[in-house]
Amino acid sequence: MFSTSKSMKTGNLYQQIPTELPQEISECLVSSKGVRIERIVSKEHRTEPGFWYDQDDNEWVLLIAGEAGLRFRESDEIVHLAKGMYVNIPAHVQHRVEWTTEDQETIWLAVFYP
């Protein structure tokens, strides 16, 4: 039997997803000393036209469900991610989400670190 203390948190990355997703959902699962782990849920979402993410932290992203296309500004390359694939995005590498799957949720696990 697994017991939890007040400092422990358990959960399931595939649960508590609304049936309607008018906007992408981002939930911080844990953070400590400059590191943050988030669950991001998308469904037929894309970054708004003209906007590029330009983050101060590095971001390691693992796709655990669905598919997505990430565009990188400098190379104009689109990286197609499917379940189980990951990408490490260095700080200040401008990028955007071009598309996520329409028929199912795309679930990302993102680790932000210095």
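Contact here means heavy atoms within 4.5 Å. In this sense, and not counting residues up to four places away in sequence, Asn58 of the predicted model touches Ile89, Pro90, Ala91, Val111, Phe112, Tyr113 and Pro114. Asn58 is found in strand S3, which covers residues 58-65. Its relative accessible area is 16%; because buried means under 20% relative accessible area, Asn58 counts as buried.

Strands of a sheet pair through backbone hydrogen bonds, either parallel or antiparallel. Strand S1 (residues 25-32) and strand S2 (residues 35-42) run antiparallel and are joined by 7 bridges. Within this pair, Ile25 stands opposite Val41 of S2. S1 and S2 form a hairpin with 2 residues between them, and Lys33, located in the turn, has a positive phi of about 45°. S2 is also joined to strand S8 (residues 106-113), again by 7 bridges and in the antiparallel sense. In that pairing, Ile40 is placed opposite Trp108 of S8.

An open sheet is formed by 3 strands in the order S5-S4-S7, with antiparallel pairing. Its edge strands are S5 (77-82) and S7 (95-100), each of which pairs on one side only. From one strand to the next, the twist averages 25°. Strand S4 (residues 67-72) pairs with S7 over 5 bridges, and Val97 in S7 is the bridge partner of Leu70.

In soluble globular proteins, nonpolar side chains tend to be buried together. The largest nonpolar core in the model has 13 residues, and Leu70, Leu81, Val87 and Trp108 are those with the most contacts inside it. Two or more residues of this core come from each of S3, S4, strand S6 (86-89) and S8. Leaving aside its neighbours within four places in sequence, Leu70 is in contact with Glu77, Ile78, Val79, Leu81, Val87, Ile89, Arg96, Val97 and Trp108. A second, separate core has 7 residues, among them Val41, Ile64, Ala65 and Leu109.

Trp108 stands opposite Ile40 and is among the residues with the most contacts in the largest core. Val41 stands opposite Ile25 and belongs to the second core.

Terms used: Residues numbered from 1 in each chain as written. Predicted model: local features only at pLDDT ≥ 70, side-chain atom pairs only at ≥ 80, totals over all residues. Heavy atoms only, no water. Pairing = 2+ DSSP bridges. Helix = DSSP H or I, 4+ residues; strand = E, 2+ residues; numbered from the N terminus. Axes fitted to C-alpha atoms, helices over the stretch in contact; angles between N-to-C directions. Buried < 20%, exposed > 50% of the residue type's maximum accessible area, 1.4 Å probe, protein only. Core = buried A, V, L, I, M, F, W, Y, C linked by side-chain atoms within 4.5 Å.
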